[in-house]
Amino acid sequence: DETGQHGLVAAIEDLAEYYEWGCNGTSISGADGQFIGTGYQNTLDIVAGCSDTNTAAYNALNSTVGGYTDWHLPSKDELYEMYSTIGNEGLEGNIGGFGNNWYWSSSEYNNFFAWFVNFGNGATDGLNKNYTARVRFIRAF
């Protein structure tokens with residue numbers, strides 16, 4: 001934010017594996033926030049509403065990196081902000097080291113799709129929840 005006291009930090013690298021969003025065909029109550037600041041609650045809602053444990057949200061929420069345990073999947077707008085600031089569209093280039101791949105957000109599109117951002121061209125759209133995509137998680141400070 002303007003004060004420099006609060007913001008978001010991206011993990012240094014992607015999770016090693018590609019993951020499904022999970023629970024294809026199931027609506028996850030509360031996981032529809034798209035704006036900056038909604039990713040953490042979306043991630044909690046996904047894990048609470050989806051019993052699949054090998055998913056993007058579950059692995060983000062249960063990661064420990066740099067001594068921190070409060071990681072989560074970014075919302076659609078948080079993920080796009082990553083693309084436009086530390087990804088391919090950033091002023092300093094791709095300092096985040098993102099692949100030209102689809103990355104999952106925590107924002108559900110509908111029962112069968114969730115939002116993604118393509119870090120090759122900045123496109124956002126719904127992707128089938130069964131598709132395996134890249135995961136880069138974030139935390140707030």
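Tutor: What follows treats the disulfide and then the hairpin.

The model is a predicted one, and 1 disulfide is counted in it. That disulfide joins Cys 23 to Cys 50, with an S to S distance of 2.0 Å, and with 95° about the S-S bond the link is right-handed. Cys 23 sits in the loop between β2 (19-20) and α1 (39-49), while Cys 50 sits in the loop between α1 and α2 (56-61), so the bond ties together parts that are 27 residues apart in sequence. Cys 23 has a relative accessibility of 12% and therefore counts as buried, and Cys 50 is buried as well, because its relative accessible area is 4%, where the cut-off for buried is under 20%.

Turning to the strands, β3 (residues 102-108) is mostly covered, since 6 of its 7 residues are buried. This strand pairs with β4 in the antiparallel sense over 4 bridges, and the two form a hairpin with 4 residues between them.

Strand β4 covers residues 113-118, and Asn 118 lies in it. With a relative accessible area of 14%, Asn 118 is buried. Leaving aside neighbours within four places in sequence, Asn 118 is in contact with Tyr 83, Asn 101, Trp 102 and Ala 123.

Terms used
Residues are numbered from 1 along each chain as its sequence is written. This is a predicted model: local features need pLDDT of at least 70, side-chain atom pairs count only at pLDDT 80 or more; totals for chains, interfaces and linings use all residues. Side-chain values use heavy atoms; hydrogens and water are left out. Buried means under 20% relative accessible area, exposed over 50%, partly exposed in between (1.4 Å probe, protein chains only). Contact means heavy atoms within 4.5 Å. Two strands pair if DSSP finds at least two bridges between them. A disulfide is a pair of cysteine sulfur atoms within 2.5 Å.
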